[in-house]
Amino acid sequence: MKITHVDSFILQSSLTQPFAYSQGWVKGRSTVVVRIRTDDGLEGWGETFSVGLQPPHIGAAVIESALKPLLLGKDPRDTEVLWQEMYVRTRDYGRKGVVIGAISAVDIALWDICGKAAGLPVWKLLGGAFREQIQCYATGFFRPGGQGQAQEMAEEALRHREAGFSIMKVKLGFGLQDDIQVMNAVRGAVGRDTGLMVDVNHGYGANEAIRLGRALADMNPLWLEEPVVPEDLNGYRRVREALDIPIAGGEAEFTLYGFRDFINAQAIDIAQPDICLAGGFTALRHINVLAMAGGVQVNPHVWGTAIGQYASVCMVAATPLTNYALFAGQPLFEYDTSAHPFRTALVEEPLEHKKGWLSLPDKPGLGFAINQDFFRQHAQPWHH
Ligand code: CA
């Protein structure tokens with residue numbers, strides 16, 4: 001089997017209601033989708049994660065100009081060989097950022113093809129599912145009005161409860177005083193039996209993050225996510241040593257090398273690689289092994305379109321427990337509840353949680369069919 005086509009597409013839309021997180025105002029959602037075809041007539045799909053503030057075109061340019069020439073004519077089932085080839089050939093200008101995001105998209109598409117060729121879901125090829133029902137937590141609490149929205153956040157928390165979520169993650173990083181008001185309002189609204197994580201999107205320095213963690217300690221957060229910038233591994237370690245709250249991070253980190261540094265620095269309890277950014281299935285398998293040996297639990301980050309969601313649910317199913325116990329908490333699926341036109345419309349059957357839980361897709365490959373009409377209308381093919 002040989003790769004005959006590697007095509008990149010840009011999906012971009014502006015939001016009617018922009019929203020803030022600690023790093024800026026999100027005014028649109030965008031992504032780069034890659035479609036790989038083979039001489040057997042198989043087709044695989046992948047996505048490179050685009051944060052709200054990132055121009056998608058740079059990812060498409062990397063796929064088109066740097067990766068495609070390495071892939072044409074190769075056997076798409078050679079996932080590890082092709083990952084190494086893409087990494088090695090881009091090493092001197094890649095290693096992190098958009099180049100690895102582009103490799104991620106290609107790798108996801110290759111695994112989709114492998115699954116379709118074998119007639120098996122990707123989670124089966126990854127070694128099988130540790131869990132066939134996956135609990136979701138609601139990600140949301142973005143701020144259409146910026147600061148001073150504690151009441152609205154409490155109302156949002158109640159909506160998530162009503163939708164069936166018993167775990168949710170609150171966006172913080174809007175200033176300590178605002179953060180504490182929000183958390184008091186949210187905890188007051190949902191009571192003690194709802195699990196809450198907090199995420200500051202690296203909006204603080206280590207001292208502020210420690211002060212925040214201490215102020216929230218009696219609210220029992222399940223984790224504190226991205227307390228400081230990803231470059232500040234000493235800051236991460238200081239926060240982790242000062243607090244009893246588990247520290248999570250890694251959505252802005254890449255490949256086994258980036259996670260090796262995080263794990264060796266004793267910076268995190270929970271590693272959060274994004275499959276559409278950190279290097280795809282192949283890289284997340286490397287990271288799983290490192291994390292397990294380093295005493296860190298992996299719980300992937302998810303903020304993509306339907307393609308990223310399907311890929312992530314396969315990966316979460318196949319992620320082992322680092323600290324096994326009969327009644328251990330399992331890796332959770334990050335269920336984005338913010339506005340994203342491509343999260344549902346891009347595929348025929350979007351992933352929909354049922355009372356906060358997802359079932360594993362059982363079709364070959366990633367498990368979805370692209371909504372061809374929607375795709376033709378919205379996807380812009382990328383050319384040089
Ligand atoms: Ca996050």
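**Reading contacts, burial and helix packing in a predicted model**

Mentor: Let us begin with T48, which, once its neighbours within four places in sequence are left aside, is in contact with T31, V32, G101, A102, A105 and C276. Please keep in mind throughout that this is a predicted model.

Trainee: Where does T48 lie, and does T48 count as buried or exposed?

Mentor: A residue counts as buried when its relative accessible area is under 20%. T48 lies in strand 3, which covers residues 43-48, and T48 counts as buried because its relative accessibility is 4%.

Trainee: Which contacts does L71 make, if residues up to four places away in sequence are not counted?

Mentor: L71 touches I3, V6, L82, M86 and V106 on that count. L71 is found in helix 1, and at 0% relative accessibility L71 counts as buried. Distance along the chain and distance in space can be read side by side here, as L71 and I36 are 35 residues apart in sequence, with 9.5 Å from C-alpha to C-alpha.

Trainee: And how is R77 placed, and which residues does R77 contact beyond its neighbours within four places in sequence?

Mentor: R77 sits in the loop between helix 1 and helix 2, and with a relative accessible area of 41% R77 is partly exposed. Beyond those sequence neighbours, R77 is in contact with M1 and C114. For a separation across the model, take R77 and L158, which are 81 residues apart along the chain and whose C-alpha atoms are separated by 46 Å.

Trainee: Turning to helix pairs, at what angle do the axes of helix 1 and helix 3 cross?

Mentor: Read the angle and the distance together: the axes of helix 1 (residues 57-71) and helix 3 (residues 98-118) come within 9 Å and cross at roughly 60°. The two helices are therefore oblique to each other, and helix 1 passes helix 3 in a right-handed crossing. On the helix 1 side the contact is made by I58, G59, V62, I63, L67 and L71, and on the helix 3 side by V98, V99, A102, I103, A105 and V106. Sorted by class, the residues of this contact are eleven nonpolar, one polar and no charged.

Trainee: How are helix 2 and helix 3 oriented to each other, and why?

Mentor: An angle over 145 degrees counts as roughly antiparallel. Helix 2 (residues 79-90) and helix 3 pack at about 165° with their axes 10 Å apart, and they are therefore roughly antiparallel to each other. Helix 2, too, passes helix 3 in a right-handed crossing. T79, L82, W83, M86, Y87 and T90 of helix 2 meet V99, I100, I103, V106, D107, L110, W111 and C114 of helix 3. That contact of helix 2 with helix 3 has eleven nonpolar, two polar and one charged residues.

Trainee: What is the handedness of the crossing of helix 5 and helix 6?

Mentor: The crossing of helix 5 and helix 6 is right-handed, and the pair (helix 6 being residues 176-190) packs at an angle of about 35°, with axes 8 Å apart. Helix 5 contributes A150, M153, A154, A157, L158 and R161 to the contact, while helix 6 contributes Q181, V182, A185, V186, A189 and V190. The residues of this contact divide into ten nonpolar, one polar and one charged.

Trainee: Which residues of helix 8 are buried, and what covers them?

Mentor: The buried residues of helix 8 (residues 233-242) are G235, Y236 and V239. They cover an arc of only 105° around the axis, which puts them on the same side of helix 8. Their cover includes helix 7 (206-216), strand 7 (224-225), strand 8 (247-249) and helix 9 (255-264).

Trainee: Finally, what is the phi of F141, and what is that of E226?

Mentor: The background is that most residues other than glycine have a negative phi. F141, although not a glycine, has a positive phi of about 60°, and phi of E226 is likewise positive, near 40°. F141 is found in the loop between strand 4 (133-139) and helix 5 (150-163), and F141 counts as buried at 0% relative accessibility. E226 is placed in the loop between strand 7 and helix 8, and at 2% relative accessibility E226 counts as buried.

Technical notes:
Residues are numbered from 1 along each chain as its sequence is written. This is a predicted model: local features need pLDDT of at least 70, side-chain atom pairs count only at pLDDT 80 or more; totals for chains, interfaces and linings use all residues. Side-chain values use heavy atoms; hydrogens and water are left out. Axes are lines fitted to C-alpha atoms, for helices over the stretch in contact, and angles run from 0 to 180 degrees between N-to-C directions. Helices (H or I, at least four residues) and strands (E, at least two) are DSSP runs, numbered from the N terminus. Angles under 35 degrees count as roughly parallel, over 145 as roughly antiparallel, 65 to 115 as roughly perpendicular and the rest as oblique. A crossing is left-handed if the near helix is turned anticlockwise from the far one by less than a right angle, and right-handed if clockwise. Contact means heavy atoms within 4.5 Å. Ala, Val, Leu, Ile, Met, Phe, Trp, Tyr, Cys and Pro count as nonpolar, Asp, Glu, Lys and Arg as charged, and the others, Gly among them, as polar. Buried means under 20% relative accessible area, exposed over 50%, partly exposed in between (1.4 Å probe, protein chains only). The arc is that of the directions from the helix axis to the C-beta atoms.
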